[in-house]
Amino acid sequence: MVQLEVLLGTLGAGFIIGYLAQRTRMCFIGGVRDYYLIRDAYLAKGAIGFLIGALIVIAVSSLFTSVPGWPWIVSKGLLPIPGAPLSSVASTPLWVHMLLAVIGGLGLGLFSVLAGGCPLRQHVMASDGNISATAYLIGFYLGAIALTAFILPIIVQLLS
Amino acid sequence: MRITVTVAGIVAGALAAISQVVFHVYPPPAYGICIACHARDLVNWLVNHAIGSNLGVAAVSIGAPVLTVVGIILGAFTAAVRNHEFKIKTMKSPAECGIYGFLVMIFALLLGACLIRIVLRIAYGDAMAMIGWVAIMLGVVAGAEFLKWSARKKLKNEEVTCRDGAA
């Protein structure tokens, strides 16, 4: 059954990634930050490794099975891959996608640095017994509900 | 065996792609791993089933939610306990961290990716994700400069207090 595959697949992949991230302190925001501040490339290697690993598996599997839309820029041009709440609305113009990418990216980078790590790292730190990271996670999960329930409807209304 | 961060990154990237191709974590594409979106799917799914609301989740999570974040917490906890690194500690003000978490989630969902999925989307060939990545780097630079500035300010204040104390 497909649903069971998704449940077990994400649980298992998450478990392995969580284990590895705890052992290596892997953090993508830390990679950019450390390289910028002290020219330390240790954590940046994790992000580069991730890009290489994903690229190889996607490219190889596209030879055997269908990888829908890959490579995206060839099949869909500048349109973003869906997943953002507004990217599923077909009528969203390109400049809105770009504005969301820029605003979202700036805020994500800024507040992740101030918090001291990317969301993955915060999950790992919380699992290490870090109370501050646990508080971060509570805010993180509440933020998801706040965005989908309250903020998003306002943005959609402003756009229409 | 010591795991290097490069190996951890490659394995995580491979798993992100395998999640889609083998375990059918799809649609949307390039959704194998995302901390923000998968956390959103999980909480919204739980809230929807608890109070009968209709908060949006990704198509793949409509029937049953993705459990990536649960797996990450279990995996990291196992690693911490196995290596005797689990310890209750408080690093920064929890209230401050809670606010950062709230803001990070909101901006991540506007972008449609966390730090991990943005790299996965770049691997998938998404041009808009590259614009998002540049914006993230600018945000990190701004945050790092702010941290440097506030550390310098703090140092200066301490100097003043020391002098006051001496006088």
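Which residues have the most contacts inside the largest nonpolar core? In this predicted model, that core comprises 107 residues, and those with the most contacts inside it are B:Val104, B:Met105, B:Ala108 and B:Ile116. The element that gives the most to this core is helix α4 of chain B, spanning residues 94-111, with 12 residues.

Once its neighbours within four places in sequence are left aside, B:Val104 is in contact with A:Leu108, A:Phe111, A:Ser112, A:Ala115, A:Pro119 and A:Phe140.

The contact between the chains as a whole takes 108 residues from chain A and 108 residues from chain B. On the side of chain A that touches chain B, the elements giving two or more residues are α1 (2-24), α2 (28-38), α3 (44-64), α4 (72-76), α5 (94-115), α6 (119-127) and α7 (131-159) of chain A, and it is α1(A) that gives the most, with 21 residues. Sorted by class, this side of chain A has 71 nonpolar, 32 polar and 5 charged residues.

Is A:Ile145 buried, partly exposed or exposed? A:Ile145 counts as partly exposed because it has 17 C-beta neighbours inside 10 Å, whereas a residue needs 20 or more to be buried and 12 or fewer to be exposed.

Note on methods
Residues are numbered from 1 along each chain as its sequence is written. Chains are lettered from A and ligands numbered from 1 in the order in which they are written. This is a predicted model: local features need pLDDT of at least 70, side-chain atom pairs count only at pLDDT 80 or more; totals for chains, interfaces and linings use all residues. A nonpolar core is a set of buried Ala, Val, Leu, Ile, Met, Phe, Trp, Tyr and Cys residues joined through C-beta atoms within 7 Å. Helices (H or I, at least four residues) and strands (E, at least two) are DSSP runs, numbered from the N terminus. Two residues are in contact if their C-beta atoms, placed from the backbone, lie within 7 Å. Ala, Val, Leu, Ile, Met, Phe, Trp, Tyr, Cys and Pro count as nonpolar, Asp, Glu, Lys and Arg as charged, and the others, Gly among them, as polar.
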